[in-house]
Amino acid sequence: MSSLGKFEVLDHPLIQHKLTIIRDKNCGTREFREVVNEIAELMAYEVSRDMPLEDVQVETPITVTTKKSLAGKKVVIVPILRAGLGMVDGILELIPAAKVGHVGMYRDEETLKPVEYFVKMPENMESREIFVVDPMLATGGSAIMAVDALKKRGAVAIKFVCLVAAPEGVKALRAAHPDIDIFAAALDDKLNENGYIVPGLGDAGDRLFGTK
């Protein structure tokens, strides 16, 4: 990891097309859930682009050769509960050997501040590459608290992956943790007075799980 992380909007046409589908308020729970996973899988392809490789010897049907294979410890996917769960299966489709940790948080509706209630991680976090996933980067509070929790447990190689980000959230996360990379499918306009992203896609957790 470099000392200063990057912020990148993944503007691949398929990602943008699928994001428009789930922005539609008439997109039902089943389709919303399926498309979120599809976007996460497409994003994982780009987010994992700089994963380390090592030389390995392999015997093909023709000869023995030295080629590249993934090096080091396995990836850990860390969804911020509960909405982040909607992105896990899509990434596992691409990286099936990844481990999954969990950070549980909810937003206090009065203060708009995150409250942590659960953290469970694999061992040896200091030597793993970590993808923190949450569909929304709104105020940045939950993302900051999640990264805090990971760093307390030794994590250093952390990437934050979201579908939709607000400028306020990006600014806050970069100020608190300038060393991590942030990947989004879209950078939206702003937050409204209730702390929701505009134009956004509503409450991702409610839309994923059919709750209100």
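The largest nonpolar core in this predicted model has 38 residues. Such a core is a set of buried Ala, Val, Leu, Ile, Met, Phe, Trp, Tyr and Cys residues joined through side-chain atoms within 4.5 Å. Buried means under 20% relative accessible area (1.4 Å probe, protein chains only). L19, I22, M43 and L163 touch the most other members.

Several elements each supply at least two residues of this core, among them α1 (13-23), α2 (29-47), β4 (75-81) and β10 (157-165). Helices here are DSSP runs of H or I with at least four residues, strands are runs of E with at least two, and both are numbered from the N terminus. Helix α2 gives the largest share, eight residues.

Now look at L19. Leaving out residues up to four places away in sequence, L19 touches I39, L163, V164, A185, A186 and L201. Contact means heavy atoms within 4.5 Å.

A second, separate core holds 27 residues, including V132, A143, A155 and I158.

Next come two helices. Helix α4 (residues 141-152) packs against helix α5 (residues 167-176) at an angle of about 25°, with the axes 9 Å apart. Axes are lines fitted to C-alpha atoms over the stretch in contact, and angles run from 0 to 180 degrees between N-to-C directions. So α4 is roughly parallel to α5, a label for angles under 35 degrees. From α4, the contact uses A143, I144 and V147; from α5, A172, L173 and A176.

Residues are numbered from 1 along each chain as its sequence is written. Local features need pLDDT of at least 70, side-chain atom pairs count only at pLDDT 80 or more, totals for chains, interfaces and linings use all residues, and side-chain values use heavy atoms, without hydrogens and water.

Technical notes
Buried < 20%, exposed > 50% of the residue type's maximum accessible area, 1.4 Å probe, protein only. Parallel < 35°, antiparallel > 145°, perpendicular 65-115°, else oblique.
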